[in-house]
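I opened this notebook to keep track of what I looked up in the model, step by step. The entries follow the order in which I went through it.

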Amino acid sequence: MTSRFRSGARTASGVRPASGGARFGTRPLAAGLLTATVALYMALVAFGNITDFDTNRQFVRHVLAMDTTFKDPDLMWRAITSGTLQDIAYVLIIIWETVAALVLAVAAVAWLRGSRGGDGLGKARRLSTGGLLMVLLLFGAGFMAIGGEWFAMWQSKSWNGLDAAARNFMVAGIVLLVVHLPGTATAEE
């Protein structure tokens with residue numbers, strides 16, 4: 001047999017190692033493909049924000065200005081009405097999205113290369129974790145907490161992105177869980 005293991009051999013965990021070129025297990029494959037999916041999504045989000053700058057710029061401006069909320073005087077002091085500050089916030093969001101997409105893309109490649117052994121899958125896991133945490137921070141802390149609560153985005157019928165933020169947060173969280181499943185950073189699971 002060409003495999004380094006005999007046909008009936010099993011690892012200490014009781015899992016039969018794959019033979020030949022199929023050493024890349026299903027958990028690392030799932031983690032890699034899911035990481036690649038989030039990388040693609042973030043790249044498309046950043047690309048859309050760069051090539052159609054004004055559409056989501058208006059979203060950020062309205063959320064920060066709080067001009068479509070209930071305009072409660074106890075909250076309106078939080079509003080940011082300076083166009084310059086609003087644009088700076090928007091550009092920072094785009095930069096964050098772009099960096100997250102790049103980190104996740106590198107992580108996806110690392111998952112594919114990690115099947116060769118060594119610390120490749122460990123590196124892939126670390127990169128995925130970093131990129132996914134960036135996505136979770138953007139959509140959880142940025143959009144849900146700061147946008148949704150601090151700037152009362154939940155009050156707006158026109159500029160409420162909480163559902164999309166929650167969906168993106170959930171997807172990144174699920175992928176992070178898959179990345180950290182026991183055995184994901186080993187090629188023999």
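The entries below go from the overall fold to helix packing, then to one residue and to the aromatic side chains.

**Entry 1: the chain as a whole**

I note at the outset that this is a predicted model. I looked up the secondary structure and found five helices and zero strands, so that my running order from the N terminus reads α-α-α-α-α. I then looked up burial, and of the 189 residues in the chain 38% are buried. For the contacts between residues at least 6 apart in sequence, I noted that 73% join residues at least 24 apart.

For helix H1, residues 26–51, packing with H4, I wrote down an angle of about 40 degrees and an axis distance of 11 Å. Are H1 and H4 oblique or roughly parallel to each other? The cut-off for roughly parallel is under 35 degrees, and H1 and H4 are therefore oblique. The crossing of H1 past H4 is left-handed. I listed the residues that make this contact: Pro-28, Thr-35, Val-38 and Met-42 on the side of H1, and Leu-121, Ser-128, Leu-132, Val-135, Leu-138 and Phe-139 on the side of H4.

For H1 and H3 I recorded an angle of about 150 degrees, with the axes 8 Å apart. Since roughly antiparallel begins over 145 degrees, H1 and H3 are roughly antiparallel to each other. Here too I noted a left-handed crossing, as H1 passes H3.

**Entry 2: Thr-35**

I then looked up Thr-35, which has its place in helix H1. Is Thr-35 buried or exposed? Its relative accessible area is 0%, so Thr-35 is buried. Which residues does Thr-35 touch, leaving aside its neighbours within four places in sequence? I found contacts with Leu-104, Ala-107, Ala-108, Trp-111, Ser-128, Val-175 and Val-179. For Val-175 I also looked up the separation from Thr-35, which is 140 residues in sequence and 6.8 Å in space, C-alpha to C-alpha.

**Entry 3: aromatic side chains**

I searched the whole structure for aromatic pairs and found five. Phe-53 has 29% relative accessibility and so counts as partly exposed, whereas Tyr-90, with a relative accessible area of 1%, is buried.

I also looked up Phe-70 and Trp-154, an edge-to-face pair with 5.7 Å from centre to centre and 85 degrees between the planes. Their separation in the chain is 84 residues, with Phe-70 in the loop between H2 and H3 and Trp-154 in the loop between helix H4 (120–150) and helix H5 (162–179). Phe-70 counts as exposed because its relative accessibility is 57%, and Trp-154, at 43%, counts as partly exposed.

Methods:
Residues are numbered from 1 along each chain as its sequence is written. This is a predicted model: local features need pLDDT of at least 70, side-chain atom pairs count only at pLDDT 80 or more; totals for chains, interfaces and linings use all residues. Side-chain values use heavy atoms; hydrogens and water are left out. Rings of Phe, Tyr and Trp (its six-membered ring) pair if their centres lie within 6.5 Å; planes under 30 degrees apart count as stacked, over 60 as edge-to-face and the rest as tilted. Buried means under 20% relative accessible area, exposed over 50%, partly exposed in between (1.4 Å probe, protein chains only). Helices (H or I, at least four residues) and strands (E, at least two) are DSSP runs, numbered from the N terminus. Axes are lines fitted to C-alpha atoms, for helices over the stretch in contact, and angles run from 0 to 180 degrees between N-to-C directions. Angles under 35 degrees count as roughly parallel, over 145 as roughly antiparallel, 65 to 115 as roughly perpendicular and the rest as oblique. A crossing is left-handed if the near helix is turned anticlockwise from the far one by less than a right angle, and right-handed if clockwise. Contact means heavy atoms within 4.5 Å.
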